[in-house]
Structures are given as C-alpha cells and as structure tokens.
Amino acid sequence: MSRAATAWRLVRERRREDLARVVARALFPPWLFRSNEMLIARLTRPRPLPRPLDGITIRWGRPEDEPALQRIRPREEGYGHHFEAGHVLVVGELDGRVASFNWFETDGLHVSRANGYRFRYGPRGAWAFGFEVDP
C-alpha cells in the first residue's frame, strides 16, 4: 500500500497519532524522525512512578512540626508566617521522623515580591514551593 493510501485510510479511521507518525516519517530524515519519536514519547506517554521507600509516610503538617522544620532548614523568621498566611504544609516522615516538607499556596494567586511577578492559577490548582529534604 502506498504512503498516500495509508495516510488516507488513517484519516478515514480518525487515527490521528498514527497519521502524525506517517506524515512525520515522510517529512523528516530517519535520524530526525527517531529523535522526534523519542521526544514525543517522553512528553506524552506516562512513565510509571518510582516505588516509594519503605517506611515513608506522607501527612499534613501542623504548627507543632516547626522544630523539625527548623532542624532541616533553619530560618531566622521561622515558619509561623506560612501557617498564618493559610499555606498548606505536607510532611514526609521516614521511620516516624520528619525527613522532608513542602509548602503549597491554594488561594489561586501567587505573588513573588522578591521577583516582582504575580501568577494566577485555577481554582483547583496550587503553587508548590519550599521543598526541603533532610540530608
């Protein structure tokens, strides 16, 4: 079957991904086609998540966790202002000890005073920041 006939069959059958491959194969030299295929596969095909380590527990953080946060990343001003601002804390525990933490803003708007920008995200979105891991 000719390339044109194959393309027409794919159009009729509404097989867009296969049609895109046929067209790309016709337009690009073989080495570029392979590079393009690898890039598209990496961007569109989900990869399996790594298996979590045994003993890791993820939980919501609370103000009582501040001494553990200070042990991982000391801050002169502490972390209380994040709780006061309504930020959400997620804590990773390893064998019952805080080993990592991450903050999230969930109010729909992130304002960076240091960098001078504002970023609005949707009602079901979140802005993740301050990810720290105990060495």
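Which residues form one aromatic cluster? Tyr79, Phe83, Phe101 and Trp103 do.

The structure is a predicted model, in which local features need pLDDT of at least 70 and side-chain atom pairs count only at pLDDT 80 or more, while totals for chains, interfaces and linings use all residues. Residues are numbered from 1 along each chain as its sequence is written, and side-chain values use heavy atoms, with hydrogens and water left out.

**Overall layout**

The chain holds 5 helices and 6 strands, taken as DSSP runs numbered from the N terminus (helices: H or I, at least four residues; strands: E, at least two). Their order from the N terminus is α-α-α-β-α-α-β-β-β-β-β. Of the 135 residues, 25% are buried; buried means under 20% relative accessible area, exposed over 50%, and partly exposed in between (1.4 Å probe, protein chains only). Among contacts with a separation of 6 or more, 45% join residues 24 or more positions apart, a contact being heavy atoms within 4.5 Å.

**Aromatic pairs**

The whole structure has 3 aromatic pairs. Rings of Phe, Tyr and Trp (its six-membered ring) pair if their centres lie within 6.5 Å; planes under 30 degrees apart count as stacked, over 60 as edge-to-face and the rest as tilted. Two of the pairs involve Trp103 as follows.

| Pair | Centre to centre | Angle between planes | Class |
|---|---|---|---|
| Tyr79 and Trp103 | 6.2 Å | 15 degrees | stacked |
| Phe83 and Trp103 | 5.1 Å | 75 degrees | edge-to-face |

Tyr79 lies in the loop between helix H4 (66-72) and helix H5 (80-84), and Trp103 in strand E3 (residues 97-105), so their pair ties together parts 24 residues apart in sequence. Phe83, in helix H5, is 20 residues from Trp103, and this pair also links distant parts of the chain. Tyr79 and Trp103 are both buried, Trp103 with a relative accessible area of 1%. Phe83 counts as partly exposed because its relative accessibility is 21%.

**Glu132**

Glu132 sits in strand E6 (residues 127-133) and is buried, at 18% relative accessible area. Its side chain makes a polar contact of 2.9 Å with the side chain of Arg73. Such a contact is a pair of N or O atoms within 3.5 Å; within protein, one must be able to donate a hydrogen and the other to accept it, and residues adjacent in sequence count only if both atoms are side-chain atoms. Beyond neighbours within four places in sequence, Glu132 is in contact with Ile72, Arg73, Ala99, Ser100 and Phe101. Phe101 is also one of the residues of the aromatic cluster.
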